[in-house]
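This report is written for someone meeting the structure for the first time.

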Amino acid sequence: MHVFFSKNDYKSHSFNSILVLPFGIRQVDEERFEDNPQEFILSDMEGSDTESRRKCAQELLRAMCRQFEPQTTRICSEHVSQMLAAFHADAANQWRNKDVAIHLMLGISIKAESAQYGVSQVNEGVNVMDFFSSHVLTELQEPNMTVRPMVKATSIKFVSIFRNQFSKQHLEALLPLLIAHLGSPDVVVHTYAAAAMEKILTCKVDGGTQGTSSKVPKIGRAELSPVLNQLFTGLFAIVDNVDLDENEYVMKCIMRASNVAKDDLLQVVQVVLEKLTAALAQAAKNAKNPQYNHYLFESIAVLIRSVCTIDAANTTAFENFLFPPFQDVLQKEVAEFTPYVFQLLAQMLEFRPEGAGLGAAYTALFPPLLSPTLWECKGNIPALTRLLTAYLSKGANEIAVQQPNSLLGILGVFQKLISSQANEQYAFDLLRAIVIYVPQEAFMPRFKDVLQIILTKMQKKKTDKLVGLVSHFFALFVGKFGPQVYFDQLNLLQNGLGFNILAHVWIPRLLSAPPTRLEAKTQVIGLTKLLCETPALLADATAQNIWSQIICCAVKIVVSPDSHLNALSTDGDDDDVEIGYDATYSVLHFAARPARDPFPDVSDASIMLAQSLHRLCASHPGQFTPLIQRGFESDPKLGAGLESLCLRAGVSLS
């Protein structure tokens, strides 16, 4: 290769054949562009996994740049200049030269990129923005959509790929141009425009205060608002066109724009919802594009979340609008859509105003949800569990007290789910919801049976996952109802069973796999009550040893920086998260249920622990200090951690 450059062979026919011709547009490419746009997009779209002639040529160019960047840049720049000159001399006939020139620039300009975030490192020997202003922008400003559509598509792709290199002002100026290209009659052009818009809406720039690394969107609600109506008009014109195939990139752009618009959706929510439900009715006839379907339901979820967050009373309007098409999907048993429908039903139910109850529509829908046939489909289980949990959170009294057979039905679902290792977590999701929302007197008569089911399962297959679920549940139960109820209920099955589970299941799990976030808080509260409200743990040496182990576990959780004790979840900003269809079970990101704290009255579980221990030690001077010291023998640092905690809580244990 050194010899190749030194002999100026780059001017030879061989160089042109190797590096320039592969970027050229062949007749077959033009035919695919017009007659089979989906295939063209699949091979040409940014981030596509499909290999193509152009992609291979670009990879070769990048490899040459890594070894001979100055030479390769100079050579390709000369070819680019020649081809652009030919184009300007005869634009009508030499437009292919401009397309090749843009692709050559893409090949030598990019040093590092990713499909999700675009270009992160650029060849310093190439002035990308100057090339954009001189040659790409002029193409996008051409108002005639029938002129050089393939070059327009390549120009839009250029903008999308270099989105991180554009300033906020550049992107604001580009929005109307991209929206205009949504009106192109060429599928590739309007698809690339939608895809570019979607990616631009995820671009972020450093915007944190000094000492922070937070990022803010380049195009946020304020920047999108002036063009929001035009954007939705252009996107839904494509969706409404029955002569066009379902376009996943267009629907993804609708989803992303809706999320960025947030409160501004109030201005257009009715029109957008009408369009989406019409698209839903059309897609339900033949659910052939799973990605399109996923973004369609995500878009509805965004509308519900944005509008109902502003005012929970808006849920009534959504229910009136969405229940008919959702019921149609359920009645026709459109299997691809039912998990989505259940998630959106749960989302709307969770947004219902407090005290509003279930309402007539949800009440009528509830009995069929307990049908065993629905739970036979694996894809339904996560969504149905979420929906039943939502029912309990909003109408536990109606379900458990007014319709006691319904609670039996839910417990029957729990028994079915726990029998499968794959569904254990959903079984315990239901069980925790019962403990949190259902009045104690309503489910306690059946609780002995529940415990028997759990223990039988553990005897058959005691996995780490199951032990974690069981210990989490018992911590919640103790936190809600106190340790005495825990011991009494387990002792009904076998005397001393509560202590045995503590010593051989619960404590070992906490020592081997400390919990985090909301479970960590739940565990600390449950353990605190065991420590401070269980006289039986002081009865003999064995019980006292269990007490020492419990305080070891509690303090270990509190002092661990990994526990994030009072944090609800790991969820952060979702403006740029990658979303898509999953064949196993497609979670609707924008319908996700926020983490619910079962102990909202406890702002800091670690302070609760310190204060409770202080009161306990004060009521029994000198009795607990040896037990505390014994608990920390295996890890003396825990003693310093407890001392620091007490200092922060303003108490002492002496």
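## Overall picture

Helices, which are DSSP runs of H or I with at least four residues, and strands, which are runs of E with at least two, are numbered from the N terminus. Val555, for example, is found in helix 29, which covers residues 541-559. The model described here is a predicted one, and its secondary structure comes to 32 helices and four strands. Along the principal axes, the C-alpha trace of the protein spans about 100 × 60 × 45 Å.

The protein has 654 residues, of which 53% are buried, and it exposes about 28400 Å², with carbon and sulfur atoms supplying 52% of that area. Among the contacts with a separation of 6 or more, 74% are between residues 24 or more positions apart. The side chains include 56 positive and 67 negative ones, and the centres of these two sets lie 4 Å apart.

## Val555 and its surroundings

Is Val555 buried or exposed? Val555 has a relative accessible area of 1%, and because buried means under 20%, it counts as buried. When neighbours within four places in sequence are left aside, Val555 is in contact with Leu609, Phe632, Leu638 and Leu642. Val555 can also be placed relative to Thr528, which is 27 residues away in sequence, while the C-alpha atoms of the two are 10.0 Å apart in space.

## His181 at the end of helix 9

His181 is found in helix 9, which is made up of residues 168-181, and with a relative accessible area of 0% this residue is buried. A polar atom of the His181 side chain lies 2.7 Å from the backbone oxygen of Leu177.

Which residues are in contact with His181, once its neighbours within four places in sequence are left aside? They are Leu140, Met145, Lys152, Ile156, Val189, His190 and Ala193.

## Ile219 in a loop

Ile219 is found in the loop between strand 4, residues 215-217, and helix 11, residues 221-224. Its relative accessibility of 1% means that Ile219 counts as buried. Leaving aside neighbours within four places in sequence, the contacts of Ile219 are with Lys168, Leu171, Glu172, Leu175, Ile200, Leu201, Leu224 and Val260. Ala346, by comparison, is 127 residues from Ile219 in sequence and 31 Å from it in space, C-alpha to C-alpha.

## Aromatic pairs

How many aromatic pairs does the count come to? Taking rings whose centres lie within 6.5 Å, the count comes to 25 aromatic pairs. One of them is formed by Phe131 and Phe158, a tilted pair at 5.8 Å centre to centre with 40° between the planes. Phe131 lies in helix 7 (residues 128-141) and Phe158 in helix 8 (residues 149-161), so this pair ties together parts that are 27 residues apart in sequence. Phe131 counts as buried at 6% relative accessibility, and Phe158 counts as buried at 1%.

Another pair is formed by Trp547 and Phe624, whose ring centres are 5.1 Å apart and whose planes meet at 40°, so this pair is tilted. The pair links distant parts of the chain, 77 residues apart, with Trp547 in helix 29 and Phe624 in the loop between helix 30 (605-619) and helix 31 (625-631). Trp547 and Phe624 are both buried. Ring pairs also link a cluster consisting of Phe414, Phe428, Phe443, Phe447, Phe473, Phe474, Phe477, Phe481, Tyr486, Phe487, Phe499 and Trp506.

Although Arg148 is not a glycine, it has a positive phi of about 45°. Its place is in the loop between helix 7 and helix 8, the helices that hold Phe131 and Phe158 respectively. Arg148 has a relative accessible area of 19%, and because buried means under 20%, this residue counts as buried.

Arg517, likewise a residue other than glycine, has a positive phi near 50°. Where Arg148 is placed in a loop, Arg517 lies in helix 28, which covers residues 517-532. At 19% relative accessibility, Arg517 counts as buried.

Technical notes: Residues are numbered from 1 along each chain as its sequence is written. This is a predicted model: local features need pLDDT of at least 70, side-chain atom pairs count only at pLDDT 80 or more; totals for chains, interfaces and linings use all residues. Side-chain values use heavy atoms; hydrogens and water are left out. Buried means under 20% relative accessible area, exposed over 50%, partly exposed in between (1.4 Å probe, protein chains only). A polar contact is a pair of N or O atoms within 3.5 Å; within protein, one must be able to donate a hydrogen and the other to accept it, and residues adjacent in sequence count only if both atoms are side-chain atoms. Contact means heavy atoms within 4.5 Å. Accessible areas come from the Shrake-Rupley method with a 1.4 Å probe; for residues, only the protein chains shown count as cover. Lys and Arg count as positive and Asp and Glu as negative; His and the chain ends are not counted. The place of a charge is taken as NZ of Lys, CZ of Arg, CG of Asp or CD of Glu. Rings of Phe, Tyr and Trp (its six-membered ring) pair if their centres lie within 6.5 Å; planes under 30 degrees apart count as stacked, over 60 as edge-to-face and the rest as tilted.
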